[in-house]
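Subject: Structure handover

Hello,

Here is the structure for you to look over. My notes come after it.

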Amino acid sequence: MALQCKSSIAALMLALLAGCASAPSSTPARLGLKLAPQALGATVSVQQHLVVERAGRIDELDAALEVEPSHLDLVGLAFGQRVLSLHYDGKDMTSWRHLMLPVQVRAEDVLEDMQLTLWPREAIAQALPAGWRIEDSGLRRTLFLHDEAVTVIDYSGMPRWSGTVVLDNLRYRYRLTIQNAPEGS
């Protein structure tokens with residue numbers, strides 16, 4: 001049972017981060033976003049329940065996220081066990097991950113997906129490499145590479161860290177559903 005649990009943790013994190021192995025070889029695997037915590041423009045403390053759907057598989061993860069102007073902290077739990085933590089102050093990032101997680105599971109990718117989902121469009125747009133653009137239309141955010149939609153994010157309401165967020169990554173073929181609850185709920 002313990003081996004199955006550890007295997008499930010590794011599979012969950014791979015699905016969550018979409019795996020670098022499936023990246024198209026002609027384009028960079030990730031954007032490399034590392035926006036300053038203060039660029040969020042708010043202080044946020046939420047508990048999250050994440051559901052990842054990929055290739056017919058569904059995995060779940062719980063997380064606690066805290067963003068202050070000076071730092072960002074994230075702790076991810078699977079089966080009640082810490083599997084990932086990261087601290088980012090806008091310059092330096094420190095992270096820890098479960099030993100069973102493959103090397104492809106990178107804290108930088110977790111940070112990037114979080115920032116694409118939560119940070120203001122203007123902050124993201126300023127940091128995008130050439131050929132990329134981001135648009136917000138109502139409760140939908142779309143990330144484009146050369147006018148092709150790469151990621152579509154739908155929000156149930158505002159602010160972006162409340163309610164349900166559904167991120168469809170068209171490039172890596174996974175769906176991430178985030179149910180946010182204010183800390184203490």
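Below is what I found, starting with the overall picture.

This is a predicted model. The mean pLDDT of the protein chain is 82, with 79% of residues at 70 or more. Two stretches need care. Residues 1-15 have pLDDT below 50, yet the model gives this stretch 32 contacts beyond near neighbours in sequence. Residues 17-27 also stay under 50, and here the model has 20 contacts beyond four places in sequence. Where pLDDT is low, predicted coordinates should not be read in detail. I would treat the contacts of both stretches accordingly.

Overall fold

The protein chain has three helices and ten strands. Along the sequence the pattern reads α-β-β-β-β-β-α-α-β-β-β-β-β. Of its 185 residues, 45% count as buried. Among contacts with a separation of 6 or more, 49% join residues 24 or more positions apart. The exposed surface comes to about 9200 Å², and carbon and sulfur atoms supply 54% of that area.

Core

The largest nonpolar core holds 43 residues. Leu65, Leu72, Met114, Trp119 and Ile124 have the most contacts inside it. Helix H2 (residues 107-118) gives the largest share of this core, with six residues. Leaving out residues up to four places away in sequence, Leu65 touches Val44, Ser45, Val46, Gln48, Leu72, Asp73, Leu74, Met114 and Leu118.

Strands E6, E7 and E8

Strand E7 (residues 140-145) pairs on both sides. Its partner E6 (residues 132-137) runs antiparallel to E7 over six bridges. Strand E8 (residues 148-155) is also antiparallel to E7, again over six bridges. E7 is mostly covered, with five of its six residues buried.

Which residues stand across from Arg140? In E8, Asp154 stands opposite Arg140.

Best wishes

Terms used: Residues are numbered from 1 along each chain as its sequence is written. This is a predicted model: local features need pLDDT of at least 70, side-chain atom pairs count only at pLDDT 80 or more; totals for chains, interfaces and linings use all residues. Side-chain values use heavy atoms; hydrogens and water are left out. Buried means under 20% relative accessible area, exposed over 50%, partly exposed in between (1.4 Å probe, protein chains only). Helices (H or I, at least four residues) and strands (E, at least two) are DSSP runs, numbered from the N terminus. Two strands pair if DSSP finds at least two bridges between them. pLDDT is the predictor's confidence in each residue, from 0 to 100. Contact means heavy atoms within 4.5 Å. A nonpolar core is a set of buried Ala, Val, Leu, Ile, Met, Phe, Trp, Tyr and Cys residues joined through side-chain atoms within 4.5 Å. Accessible areas come from the Shrake-Rupley method with a 1.4 Å probe; for residues, only the protein chains shown count as cover.
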